[in-house]
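Trainee: I would like to learn how to read a protein model. Where do we begin?

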Amino acid sequence: VELMVEIGQDRFMGYPTTENDSLTPFSDTLNGTNIYPLQNNPLPLDWDFRHTFNGREGNVNATNYAEHVQDRFSWYSGNPRLSTAGSLYTMQGACDPLATNSSSMGYYPNCSEKNNDISTGGVVAPNPTNAQVYRKASDLSPFLKAIYEYHQDIKNIGYFFANSGAGSSVMFPHYELDSNNSYQSIGCEWMRNLNPIDPELGPIGTDAEIARCHPEGANVPTREYNPLERAWCRDQALDPSRIHLVGPYLDAWSKDSWLFTTGKAIYDPLTSIFVACVLNDFTPDGIEEILKEVGVDKLGGLILARNDVDGTVVAVSKYALDKKINTIEDISSKTGVDQEMFNEIKSIVDFSEPWQPEEASGKFATALFESEESIISAYPVPPIPDEYDSAYVPEFFAIFSLPKAEGLGATIGNVSKEVDKNVMGIILVTVIVGVVGL
């Protein structure tokens, strides 16, 4: 996520007033001017697959999916056309002019080429920045493809732009949005909050930008999708100091799959204007594998739980989770960790108040809990930083249980060292899948 933010800031340096590349931090040694080093081909709109081999279908199918998306093919079962040739671009009202059947995924009423006019932003929410956003966003596609291919747990990855209030998106892999779907808008009144980077600039969005959003409570067709009307993007924009994590939740397209969404807002380093939200959808499968591989079972059990009200369980080393969202209380009969104990773990250190790193680490190192069968300790993930950070808050707790039968007095010193090593395995996975930036 941090990498995506840095890449986005470099590409959009000077947004929105500087439309050319003169402020990008890359210089051409031959002529002494600044130029962005990647000049990618223009991106297709989501419904447009003319770039693929037969002009109408994607390049991924049931016979070659292992080459393109590896084991992720089933995740896109709701999207009959899928391409990894590049990213997609979408804006409000973009549609297939040839789609006349209202059940078609690319259908939009009275669709024409004007709906897809990049220079104006289309007919639904025309705006002055779409052409700039589209040109620069196209150059981000190679990065998205590389990150997607390297990290096997990612389902979707992309940038979701403010685009003068109209919203627009670049996302990888390329699949068609379904015009038969819709969502409920939260509106854009939140953009009246002061700019969190530079409050002297005034509100995050202008009245004209807010007017390009659908009002709160409106049922919005997918072809008018605006990320600014979604809570995950709002939360990123209002608090750009940290990486945000949502989930786990059941994927709308695959009821047996869990997803996390993580991201961070991009504000321009020069103008302090809100540019985009970053989105990274991924599965917790990699975390589960690490819990099995790090070898804690020879000492005890390890739970990875979200730092939320109910303690949403992401993975357990000794037990298979049901294909539904589990909480600490749901599995307490197996683990010995119930809701009351989890609340005590969360209260070991109050990170909403000023804290000292050494003191906070010491409290977790010495805090022990007891169930009928186990001695239990907990560690925050990501780990407590060496220097005080007011924005730090644990996203997870790694909860280790040692059976009393193992002999606490003889093993507690070794357990502490072993757990530290194993927790590092989990931390590495959270870095790999993009949960946190350390």
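Mentor: With a term: two strands pair if DSSP finds at least two bridges between them. This model is predicted. In it, strand 13 and strand 14 (residues 326-327) are joined by 2 bridges and run antiparallel. Across that pairing, Thr312 stands opposite Thr327 in strand 14.

Trainee: How many bridges join strand 12 to strand 13, and in which direction do the two run?

Mentor: There are 3 bridges between strand 12 (residues 301-306) and strand 13, and these strands run antiparallel.

Trainee: What is the order of the strands in the open sheet?

Mentor: The order of its 6 strands is 14-13-12-17-16-15, with antiparallel pairing. Strand 14 and strand 15 (369-370) are the edge strands, as each pairs on one side only.

Trainee: Why is strand 13 said to be largely enclosed?

Mentor: Look at burial, where buried means under 20% relative accessible area. In strand 13 (residues 312-316), 5 of the 5 residues are buried, so the rest of the structure largely encloses this strand.

Trainee: Which strands does helix 9 lie across?

Mentor: Helix 9 lies across strand 12, strand 15, strand 16 and strand 17, and runs at about 120° to strand 17.

Trainee: Now a helix by its sides. Which residues of helix 10 are buried?

Mentor: In helix 10 (residues 357-366), the buried ones are Pro357, Ala360 and Phe364. They lie on the same side of helix 10 because they cover an arc of only 75° around the axis. Glu358, Ala365 and Thr366 are exposed on the other side of helix 10. As for partners, the buried residues of helix 10 pack against helix 9 (339-346), strand 16 (374-381) and strand 17 (396-403).

Trainee: What is the general idea behind a nonpolar core?

Mentor: In soluble globular proteins, nonpolar side chains tend to be buried together. Here the largest nonpolar core has 71 residues, and Tyr89, Tyr159, Phe161, Leu228 and Phe274 touch the most other members. The element that gives the most to this core is strand 11 (residues 274-282), with 7 residues. Another core, of 24 residues, lies apart from it and includes Ile328, Ile345, Val349 and Ile384.

Trainee: What is Tyr89 in contact with, beyond its neighbours within four places in sequence?

Mentor: Its contacts include Leu43, Pro44, Leu45, Ile118, Val133, Tyr134 and Val170. Asp46, Asn130, Asn163, Ser168 and Ser169 are also among them.

Trainee: How many aromatic pairs does the structure hold?

Mentor: It holds 22 aromatic pairs. One of these is formed by Tyr183 and Tyr225, edge-to-face, with 5.4 Å centre to centre and 65° between the planes. The pair links distant parts of the chain, 42 residues apart: Tyr183 is in strand 6 (residues 182-184), and Tyr225 is in the loop between strand 7 (219-221) and helix 6 (231-238).

Trainee: Are Tyr183 and Tyr225 buried or exposed?

Mentor: Both Tyr183 and Tyr225 are buried. Elsewhere, one aromatic cluster is formed by Phe342, Phe351, Trp355, Phe364, Tyr388, Tyr392 and Phe397. Phe364 is also one of the buried residues of helix 10.

Note on methods. Residues numbered from 1 in each chain as written. Predicted model: local features only at pLDDT ≥ 70, side-chain atom pairs only at ≥ 80, totals over all residues. Heavy atoms only, no water. Core = buried A, V, L, I, M, F, W, Y, C linked by side-chain atoms within 4.5 Å. Buried < 20%, exposed > 50% of the residue type's maximum accessible area, 1.4 Å probe, protein only. Helix = DSSP H or I, 4+ residues; strand = E, 2+ residues; numbered from the N terminus. Contact = heavy atoms within 4.5 Å. Arc of directions from axis to C-beta. Axes fitted to C-alpha atoms, helices over the stretch in contact; angles between N-to-C directions. Phe/Tyr/Trp six-rings, centres within 6.5 Å; stacked < 30°, edge-to-face > 60°.
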